[in-house]
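Open the model in your viewer and keep the selection panel at hand. The tour goes from one selection to the next.

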Amino acid sequence: MVESLLMKKLSIVEALREGIRQEMIRDERVFCIGEDIAIPGGWGGAFTVTLGMEEEFPERMLNTPISEAGIFGYACGAALMGMRPIADVQYSDFLFCAMDQVANNIAKLRYMSGGKLTMPVVLRAPVGVTGRGAQHSQCIETFFLPVPGLKIACPATAYDALGILRTAVRCDDPVLICEHKLLYGSKGARKESGAVDASSDIPDEDYTVPLGKAVIRREGKDVTIVATLLMMHRSMQAAEVLAQEGIDAEVIDPRSLVPFDWETVKASVGKTGRVITVEESPKRNGIGAEIAATLAEEAAELLVAPIKRIAAPNTPAPFSPPMEKFYIPQVDNIVQAVRDVMAY
Amino acid sequence: MSDGKYTTEFLLDLYRRMLTIRRFEERVKYLFLEGIMPGTIHQCQGQEACAVGVCAALEKDDVITSTHRPHGHCLAKGMTVKEMMAELFGKVTGCCKGKGGSMHMGDMSKGVIPAIAIVGGNIPVAGGAALAFKLSGQKRVAVSFMGDGAVNEGIFHEALNMAAMWTLPVVFVVENNLYGASTPVGMVVRTKTIAERAAIYKFPGVTVDGNDPLAVYEAMRVAVQRARNGGGPTLLELMTYRITGHSRRDPALYQPEDERKKALASEPIGRFEKYLFQGRFSTQQRLDNISKAVDTEIEDAVTAAMSAPEPNPEDALKDLFVETS
Ligand SMILES: Cc1ncc(C[n+]2csc(CCOP(=O)(O)OP(=O)(O)O)c2C)c(N)n1
Ligand SMILES: [Mg+2]
């Protein structure tokens with residue numbers, strides 16, 4: 001009871017804002033760098049995460065020109081000199097503009113130095129297909145899977161967002177945090193239509209969420225569904241539908257893709273023998289591909305049915321709502337995939 | 001504004017185009033706020049003279065590249081209200097069959113390369129079009145529209161330097177509306193003007209009043225002539241102001257009240273009306289007729305768009321490659 005009194009309900013944006021604030025108070029080396037993040041009367045970044053923070057930290061909220069390569073290159077250099085930057089893009093699609101700094105410098109410098117330096121950069125990137133067409137939709141996580149040297153987190157709840165942010169800031173390696181536009185809970189002019197409630201009760205304590213530790217969102221014995229971000233929430237809905245049909249699905253939220261909690265996934269598959277992966281980006285070379293390949297390689301004996309991957313098609317995201325809806329995996333697609341796998 | 005060297009027909013055409021853009025944007029804003037129109041929008045109320053002045057100096061087969069804020073550019077270059085409205089509704093009758101949406105409006109047959117919503121991304125694309133014109137000996141010109149924010153992307157430098165190096169027929173048009181999203185240009189650029197950056201590439205850079213369609217047109221004519229005659233690129237900076245939010249429901253609270261007031265007083269359409277009356281180019285009656293025709297065109301387009309068929313969901317899979325196998 002006492003504990004619940006200390007809890008407060010926060011959305012992901014509120015949790016991230018709180019987390020960034022606390023880290024900046026705790027450690028003077030932490031600073032934020034990004035576009036439109038510190039303008040009085042502005043928005044606090046594209047989705048209000050840093051709203052109003054320029055008042056509290058006038059020196060450490062660096063509002064940049066529209067210069068993504070610059071933002072991440074400067075973050076890299078500052079991190080090398082002992083600072084702990086939190087660098088963000090307004091949409092993850094714009095990371096392509098900074099690809100050289102991210103993939104060649106931030107991800108590789110420590111390795112190239114023979115382990116003689118650290119790269120404590122936090123990279124924040126909003127993802128999700130949200131009615132904006134092909135260049136503001138990409139779920140960038142999978143692009144970075146084949147870039148060794150970057151940790152990749154995908155918090156689907158406010159609790160995880162705060163815990164992962166703390167871990168990322170305190171981590172001496174670069175961590176890319178993919179944040180979903182429909183899960184943020186942004187308010188006012190930046191409110192998203194179709195938003196999903198991802199708020200959590202947040203304990204008033206300095207907890208962290210480790211990278212590489214999955215959480216089982218729903219326990220079940222018949223089939224394992226692995227999904228992050230919005231797709232995790234859809235998978236939970238699918239599991240409810242399936243429960244009414246007598247199918248007991250286990251939903252695993254890996255929370256980070258690099259490192260990945262193979263142990264939890266394999267233990268689940270050991271129990272269910274059936275696996276569905278769900279992701280919002282194109283199927284080819286996606287998270288599902290990585291999971292399916294690894295399970296085939298290392299745990300084929302556990303499987304009693306072929307693995308099924310639910311993903312977007314191998315095309316860019318279309319604008320028009322009916323096409324977009326077709327493009328993004330829906331609850332029905334997940335339900336049907338599970339039925340297919342159960343019928344095998 | 002002028003010395004009487006323009007025909008009334010030309011002046012009223014500029015007026016009609018500017019008004020079409022303004023009314024189009026106002027109608028779209030309303031539809032969007034009512035929740036009838038999907039997606040997100042970036043609008044150009046207050047910047048109409050830039051698009052119209054620039055495109056008035058272009059030929060039909062010249063090409064433009066545009067940005068996340070493309071509606072004005074598209075209309076000024078000759079795209080129809082109808083094909084654009086339908087695209088905003090995501091209908092098959094839209095200029096991109098519903099695949100593009102607001103931020104990717106375009107129509108190659110009108111010389112509008114689908115708009116590119118990555119800030120700065122369109123600058124080298126216009127350069128590449130100009131390169132093609134030069135290599136193939138065509139006397140065509142390419143234009144890159146961009147905002148003041150785009151000049152701080154590294155690609156701005158790469159693109160302008162290459163255009164200078166190859167003496168390409170391209171005009172880089174910066175609509176300086178004083179803000180990149182919510183960030184004031186003075187915070188992120190140290191030089192007094194953006195045009196002065198052209199000096200380092202050794203081609204002309206000019207700053208003009210972007211709320212005066214004739215000033216824009218004249219400056220653009222010089223730049224286009226130079227480009228077409230093998231003289232190479234120009235950087236044109238058009239001083240203007242966005243009298244609406246950056247996108248969607250943005251209340252633009254970062255714009256100081258007095259600055260907004262001043263900008264509203266010098267917005268291009270009211271100013272041009274005054275000019276038309278003072279020069280006795282038009283009567284109120286004539287402008288009213290234009291206004292009515294514009295409204296009718298827009299309402300017809302809304303009706304047509306709303307009753308046009310939705311794309312089949314599976315059409316999402318089409319249009320990726322020329323050869324599907
Ligand atoms: C590479 C990239 N970074 C950031 C954005 C997000 N964004 C969209 S418009 C905009 C501001 C652009 O400012 P400006 O170039 O001045 O054009 P304006 O919006 O004023 O027309 C920003 C930051 C983007 N679309 N692309
Ligand atoms: Mg601008």
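A polar contact is a pair of N or O atoms within 3.5 Å; within protein, one must be able to donate a hydrogen and the other to accept it, and residues adjacent in sequence count only if both atoms are side-chain atoms. This is a predicted model, in which local features need pLDDT of at least 70 and side-chain atom pairs pLDDT 80 or more, while totals for chains, interfaces and linings use all residues. Residues are numbered from 1 along each chain as its sequence is written, chains are lettered from A and ligands numbered from 1 in the order written, and side-chain values use heavy atoms, without hydrogens and water.

Select ligand 1, which lies between chains A and B. Next, show Val119(B): one of its backbone N or O atoms is 2.9 Å from a nitrogen atom of the ligand. At Ala150(B), a backbone N or O atom is 3.2 Å from an oxygen atom of ligand 1.

Move to ligand 2, the magnesium ion. Asp148(B) (OD), Asn177(B) (OD1) and Tyr179(B) (O) coordinate this ion at 2.0 to 2.1 Å. Donors are N, O and S atoms within 2.8 Å of the metal (3.2 Å for Na, K and Ca); water is not among the atoms, so sites may look incomplete. Along the chain, the donors have the spacing D-x28-N-x1-Y.

Technical notes: A residue is near a molecule or strand if one of its heavy atoms lies within 4 Å of it.
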